[in-house]
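Student: I would like a close look at one part of this model. Please take the charged side-chain pairs and go through them carefully.

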Amino acid sequence: MTSHVLLLHGLYMGTWIMQPLAHKLKKHGFTVDTFGYYSIRQTLPQHAVSLTEKVEQFYRCHNEPLHFVGHSLGGLVLRHFAAMHPDLIRGRIVTLGTPHQGSSVAERLKNMKFSRFTLGGSYRNGLDGNVPALPPGIELGSLAGNRPIGAGNLLGIKGENDGTVCVKETFCEGMKDHIVLPVTHTSMLLNKDAAAQIEKFLHCGYFLP
């Protein structure tokens, strides 16, 4: 059976940022596609509606399950999508550096003068932690980084973190597994060990010890 995976990028990014990971997952035998969205111009529920169209189009052409990998905000888009259409989650989900509990860095940005332009529609029902619960039966694995290099240091991020998101923020109620790797928020997309862990979870439903 062919393994298909759809990649979702994070805040301020585009599908281009996911290409190194796509290349690595193809080497692991996956067919890979990406989903792009305007991370601050629209809200997370709006992104989830657009994602629904993409997934329904996939299932019109394929009988095999579709897996999902979401980086940072992309993982929160997947949370909204899963809540809207649990029937369309027929594979597994891996989130990478996703602040399931809300983002302390985004909270600090929200209190700044230009937050309307820096966060846009990503904060409410997203980075504020107000995200729909994960429906029962959906297998989600959360991968976090603990190499603290990134813009979050300028905003006083505290505790174990990847430079942008705290490890404690990456825990999702109802998740099946969780792992922490020595990577930054962005380098997890380039790291071969992260790619191997993603491959393991998508195929088996758990990360390597």
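Student: Which residue forms a salt bridge with Arg 92, and how far apart are the closest N and O atoms?

Tutor: The partner is Glu 139, and the closest N and O atoms are 3.0 Å apart. A salt bridge here is a side-chain nitrogen of Lys or Arg within 4 Å of a carboxyl oxygen of Asp or Glu. First, the ground rules. This is a predicted model, where local features need pLDDT of at least 70, side-chain atom pairs count only at pLDDT 80 or more, and totals for chains, interfaces and linings use all residues. Residues are numbered from 1 along each chain as its sequence is written, and side-chain values use heavy atoms, with hydrogens and water left out.

Now the location. Arg 92 sits in the loop between helix 3 (73–84) and strand 4 (93–96). Glu 139 sits in the loop between helix 6 (123–127) and strand 5 (140–145), so the pair ties together parts 47 residues apart in sequence. Helices (H or I, at least four residues) and strands (E, at least two) are DSSP runs, numbered from the N terminus.

Arg 92 is buried, at 17% relative accessibility. Glu 139 is partly exposed, at 23%. The cut-offs: buried is under 20% relative accessible area, exposed is over 50%, and partly exposed is in between (1.4 Å probe, protein chains only).

Glu 139 has another partner. Its side chain meets that of Lys 176 in a salt bridge of 2.5 Å, N to O. Lys 176 lies in the loop between strand 5 and strand 6 (177–181), so this pair ties together parts 37 residues apart in sequence. Lys 176 is partly exposed, with a relative accessible area of 47%. Shared partners join Arg 92, Glu 139 and Lys 176 into one network.

How many salt bridges does a search of the whole structure find? Three. Asp 33 is partly exposed, at 37% relative accessible area. Lys 54 is also partly exposed, with a relative accessibility of 26%.

In general terms, side chains of opposite charge can pair when their charged atoms come close.
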